[in-house]
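Please read the points below with the sequence and the model at hand.

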Amino acid sequence: MSHSDYLQEELTIVLLGESGVGKTKLVIRYLVDVLKETKTEWDSAMGAVHVKRTMQVDGVSFNMVIWDTSGDKKYDSMAAMYYLGRTAVIICCDISNSYSFVKAKDWALQLTIHSCKIYLCATKNDLCDEIETATLNNIQEYAENIKAKFFVTSSHTGENISELFHTIIEDFISAPCNRKEIKKQKRRRKHVNLRCFWNYQRPKTEI
């Protein structure tokens, strides 16, 4: 019988970005294409909505929460309560909207100060033309400068959405604290199995 390791730490993913960059569509595409969900129910909070799922990846079980924050400026001051201390933050910018990249850099600056794990995501690649290609190159260069993993996505075609979330999950599982917890559970399980085997093999004493 196979066993899975369970991580107590929750994988929390927060999406930040200007209103209209496609954050919600990004999450829905992931839930539909990868998790095979036909209907998504969101839990609401002030300035954000979220979904929570129990995941099992490569023999490791954990809870994952995805927070989709509002891009409305009036909620900017509240965003910190969602991203501080979180596992991963996806900063989204629309390739066809240069101002959304300016806003993305503002978010990245705040997150760098708070040592958050950043994933920079350029959305709506299906709308990209030769003019936007130059903007895309600037976004990629910026991602390299701040040492953020960079993804070019399209919620319309599904491009790189699975890869984005899979990378975040891999980084979460391979984090030093989680690797240590997984090894501890494997050692504990091995010890229990050996003890059960010894008790099974030991001959019974006749009375």
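1. The model is predicted. The secondary structure of the protein consists of six helices and eight strands. Along the sequence these elements follow the order β-β-α-β-β-β-α-β-α-β-α-β-α-α.

2. The protein has 207 residues, of which 41% count as buried. Among contacts with a separation of 6 or more, 71% are between residues 24 or more positions apart.

3. Strand β6 deserves attention. Seven of its seven residues are buried, so β6 is largely enclosed by the rest of the structure. In a regular strand the side chains alternate between the two faces of the sheet. Both faces of β6 are covered: one side carries Ala 88, Ile 90, Cys 92 and Asp 94, while the other carries Val 89, Ile 91 and Cys 93.

4. What does β6 pair with, and in which sense? Strand β2, residues 11-17, pairs with β6 in the parallel sense over five bridges. Within that pairing, Leu 15 has Ile 90 of β6 as its bridge partner. Strands β6 and β7 also run parallel and are joined by six bridges. There, Val 89 has Ile 118 of β7 as its bridge partner.

5. The model contains three aromatic pairs. In one of them, the ring centres of Tyr 30 and Phe 165 are 4.1 Å apart and the planes meet at 20 degrees; the pair is stacked because planes under 30 degrees apart count as such. Tyr 30 belongs to helix α1 (residues 23-33) and Phe 165 to helix α5 (residues 161-173), so this pair links distant parts of the chain, 135 residues apart. Both partners are buried: Tyr 30 has a relative accessibility of 2%, and Phe 165 has a relative accessible area of 0%.

6. Two lysines are placed over aromatic rings. The charged end of Lys 103 sits over the ring of Trp 107, at 5.1 Å from its centre. Lys 105 lies over the face of Phe 101, and here the distance to the ring centre is 4.8 Å.

7. There are six salt bridges. One of these joins Arg 53 to Glu 37, with the closest N and O atoms 2.5 Å apart. Arg 53 lies in strand β4 (residues 48-57) and Glu 37 in the loop between α1 and β3, so the pair ties together parts that are 16 residues apart in sequence. Glu 37 counts as buried, at 16% relative accessibility.

8. Lys 124 is joined to Asp 94, the closest N and O atoms being 3.3 Å apart. Lys 124 is in the loop between β7 and α4, whereas Asp 94 is in strand β6, and the two are 30 residues apart. Lys 124 is partly exposed, with a relative accessible area of 25%, whereas Asp 94 is buried at 7%.

9. Asp 171 pairs with Lys 149, and their closest N and O atoms are 2.9 Å apart. Asp 171 lies in helix α5 and Lys 149 in strand β8 (residues 149-152), so parts 22 residues apart in sequence are tied together. Lys 149 is partly exposed, with a relative accessible area of 34%.

Methods. Residues are numbered from 1 along each chain as its sequence is written. This is a predicted model: local features need pLDDT of at least 70, side-chain atom pairs count only at pLDDT 80 or more; totals for chains, interfaces and linings use all residues. Side-chain values use heavy atoms; hydrogens and water are left out. Rings of Phe, Tyr and Trp (its six-membered ring) pair if their centres lie within 6.5 Å; planes under 30 degrees apart count as stacked, over 60 as edge-to-face and the rest as tilted. Helices (H or I, at least four residues) and strands (E, at least two) are DSSP runs, numbered from the N terminus. Buried means under 20% relative accessible area, exposed over 50%, partly exposed in between (1.4 Å probe, protein chains only). A charge sits over a ring if NZ of Lys or CZ of Arg is within 6 Å of the ring centre and within 35 degrees of the ring normal. Contact means heavy atoms within 4.5 Å. A salt bridge is a side-chain nitrogen of Lys or Arg within 4 Å of a carboxyl oxygen of Asp or Glu. Two strands pair if DSSP finds at least two bridges between them.
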